[in-house]
Protein chains: 4
Amino acid sequence: MTKVAIVFHSGYGHTAAIAEAVQRGAASVAGTEVSLIKAAEASEHWEELDSADAIIFGSPTYMGSTAAEMKKFMEATSGRWMHQQWADKLAAGFSVSASWSGDKLNTLFDLAVFAAQHSMIWAGLNILPGFNHSKGSIDDLNRTGHAIGVGIQANADQGAEGIKESDFKTAEALGARIAALAARFNKP
Amino acid sequence: MTKVAIVFHSGYGHTAAIAEAVQRGAASVAGTEVSLIKAAEASEHWEELDSADAIIFGSPTYMGSTAAEMKKFMEATSGRWMHQQWADKLAAGFSVSASWSGDKLNTLFDLAVFAAQHSMIWAGLNILPGFNHSKGSIDDLNRTGHAIGVGIQANADQGAEGIKESDFKTAEALGARIAALAARFNKP
Amino acid sequence: MTKVAIVFHSGYGHTAAIAEAVQRGAASVAGTEVSLIKAAEASEHWEELDSADAIIFGSPTYMGSTAAEMKKFMEATSGRWMHQQWADKLAAGFSVSASWSGDKLNTLFDLAVFAAQHSMIWAGLNILPGFNHSKGSIDDLNRTGHAIGVGIQANADQGAEGIKESDFKTAEALGARIAALAARFNKP
Amino acid sequence: MTKVAIVFHSGYGHTAAIAEAVQRGAASVAGTEVSLIKAAEASEHWEELDSADAIIFGSPTYMGSTAAEMKKFMEATSGRWMHQQWADKLAAGFSVSASWSGDKLNTLFDLAVFAAQHSMIWAGLNILPGFNHSKGSIDDLNRTGHAIGVGIQANADQGAEGIKESDFKTAEALGARIAALAARFNKP
């Protein structure tokens with residue numbers, strides 16, 4: 001059994017909807033057990049996090065970087081960092097904002113640096129950028145063109161219902177990829 | 001007279017077309033003299049660069065960061081860095097790639113860090129992100145949603161003719177902004 | 001009169017001590033009025049922030065990025081961002097952590113991207129890196145060698161009393177630089 | 001047999017000396033074959049790169065980012081990127097500059113983003129930062145305190161003979177870590 005945990009913060013529901021898509025993707029890989037954990041409730045879920053083979057971190061990009069609420073969770077892991085308890089777990093990240101870039105790459109850097117401090121091993125997305133040629137469309141997978149993690153564009157004037165199907169599928173692909181890599185990395 | 005220099009590299013013409021738009025924008029501000037300099041030819045233009053009030057740096061994003069040819073120019077400034085000859089000049093940046101993000105923010109970080117080593121003062125764009133709500137469109141200014149500089153999306157299967165009018169206007173706005181700020185900063 | 005505001009969070013007193021050094025530096029420039037504001041109390045100081053010519057942001061680097069408490073303040077500025085109320089103010093940043101790098105550059109990127117979203121104009125330090133040759137010492141200014149802002153190394157097992165004199169002087173230099181630049185930029 | 005390749009550029013010999021230390025570390029893991037490849041000569045070594053289980057990238061930090069010569073190599077991989085030939089290989093990075101920070105983190109970001117575009121899986125160092133408390137010393141491993149890769153400080157007025165033993169050991173540790181992770185990840 002491969003254990004994948006997803007820790008996320010969502011201010012208005014967009015990131016929660018994407019986190020669920022990541023969960024669906026991970027759960028689609030046979031032999032995977034997935035935990036979906038809100039950052040604000042992580043203190044009740046340390047066991048799931050400590051025993052996970054992979055942890056996927058998700059945050060909106062607010063004012064150009066990781067949401068404060070997510071950052072609070074990250075700071076609460078400092079004891080685990082000190083003892084390097086999460087070393088060699090797989091890690092990945094996703095971020096959501098209204099703009100196509102919206103500085104989501106900066107949030108993904110925050111998450112990747114955090115994971116590196118924990119000596120976790122970072123995997124990004126393995127889908128080439130979409131919507132980058134004259135025949136491309138908003139329905140392409142990875143339409144925002146991020147690599148180090150998933151970057152989702154969600155309209156500012158809509159809730160999760162405004163998120164494109166392509167974005168849900170991109171998030172599912174990340175979940176499936178991380179579950180498969182974690183299984184491979186932990187083969188007995 | 002305010003002097004603005006633009007130094008750029010362009011592999012396939014997209015970044016050159018955007019550099020010209022930045023030039024048009026800067027030239028539209030009364031009392032501004034603009035130099036457009038190819039990175040590969042910068043060694044013949046040190047005087048224009050040394051006397052500029054502002055320098056705007058432009059590069060495609062290739063494999064996630066600044067183009068090697070642009071980087072060569074940046075390394076050729078190390079003597080000027082050592083003597084801090086460019087200190088307190090204004091600086092700005094733009095990057096072009098096929099994808100919406102395409103990791104252009106990382107290239108803009110390369111350029112901003114470079115300018116900071118020179119003790120230059122960095123100005124980004126002052127246009128809120130476009131195309132980020134349900135009524136938004138590809139014709140919005142700053143449609144990729146970058147802040148620290150201009151990020152342009154140019155289709156991989158088209159030349160400069162495929163660049164959107166909104167992107168040219170966004171680049172012009174950067175040029176005009178930097179020329180105006182340089183004038184203000186150097187008011188006698 | 002040039003108005004400079006410093007907004008910071010400090011968990012254990014190190015960043016507060018550095019913020020005071022930045023304040024001393026700014027106040028040393030004739031005609032400068034300086035406000036020192038704790039991030040957690042910023043909601044009582046919007047007027048000082050809104051009327052400032054320059055705002056200097058300071059945060060510890062916790063787990064590789066900006067402290068959550070500082071990030072809460074940054075998110076509380078989103079209304080001002082929406083209306084671009086802080087456009088064209090000068091901005092700068094400093095970060096403190098126990099390690100020499102300690103990923104402080106990533107925190108400075110968080111702060112610079114934040115300022116860029118506000119269309120603020122970013123100035124870094126103008127002191128070449130110290131302690132980088134065989135005669136260098138821990139007493140050199142800018143001994144950690146950051147450019148885009150000030151990066152301070154403060155021992156993990158000491159309070160503010162463990163901070164090196166060189167670091168206080170580096171922080172003072174940033175304050176003085178920003179006050180002088182703000183005066184120049186706002187010359188009547 | 002696990003295959004590890006190291007691709008690096010070195011302007012003055014410091015990065016070459018560190019690359020050799022990374023090589024020693026990787027070779028110390030039983031069952032590992034290591035190739036040490038100069039970026040400028042990579043075009044003669046595509047087979048070793050294509051067949052490697054892990055590739056470790058090394059570059060000086062010049063003017064705040066990856067050296068142009070290294071960047072040229074990175075751009076030469078764009079065909080492999082297009083076909084995602086390096087997907088799921090392990091990747092890691094190291095950077096060398098005269099200053100303690102010297103913006104090496106920005107170079108490591110360049111390398112990590114590059115690897116992510118190739119869908120490679122990124123591992124950093126697993127050594128807590130040294131020299132960050134009152135009893136710390138310049139002889140501590142990971143004395144510059146980087147996490148996402150190895151950051152080496154080499155005096156500007158000395159050649160490779162000025163590099164500290166602690167830095168060689170830190171580089172060896174990275175090589176050994178990546179070789180061991182690659183073996184684990186590719187267990188039959």
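Start by selecting A91(D): it stands opposite W122(D) in strand 6 of chain D. Before you click further, this is a predicted model, where local features need pLDDT of at least 70, side-chain atom pairs count only at pLDDT 80 or more, and totals for chains, interfaces and linings use all residues. Residues are numbered from 1 along each chain as its sequence is written, while chains are lettered from A and ligands numbered from 1 in the order in which they are written.

Now show strands 5 and 6 (residues 121-123) of chain D, which pair in the parallel sense over two bridges. Strands here are DSSP runs of E, at least two residues, and helices are runs of H or I, at least four residues, both numbered from the N terminus; two strands pair if DSSP finds at least two bridges between them.

Which residues cover the two faces of strand 5 of chain D? L90(D), A92(D), F94(D) and V96(D) lie on one side and A91(D), G93(D), S95(D) and S97(D) on the other, all buried. (Buried means 20 or more other C-beta atoms within 10 Å of a residue's own, with C-beta atoms placed from the backbone.)

Next, hop to chain A and select helix 5, residues 104-117. Of its 14 residues, 14 are buried, so the helix is largely enclosed by the rest of the structure.

I178(A) touches V4(A), A26(A), A54(A), I56(A), L90(A), A92(A) and A123(A), leaving aside residues up to four places away in sequence. Contact means C-beta atoms, placed from the backbone, within 7 Å.

Last stop: show chains B and D together. Here 20 residues of chain B are in contact with 20 residues of chain D. On the chain B side, helix 5 supplies the largest share, six residues. Chain B can be laid on chain D with an RMSD of 0.0 Å by a turn of 180 degrees and a shift of 0.0 Å along the axis (superposed by least squares on C-alpha atoms of residues with pLDDT of at least 70 in both). That is the relation of a two-fold axis. To find the axis from chain B, select A68(B), whose C-alpha is the nearest in that chain, 2.3 Å away.

Terms used. The expected span of a helix is 1.5 Å times one less than its number of residues. A residue is buried if 20 or more other C-beta atoms lie within 10 Å of its own, exposed if 12 or fewer, and partly exposed in between; C-beta atoms are placed from the backbone. Two residues are in contact if their C-beta atoms, placed from the backbone, lie within 7 Å.
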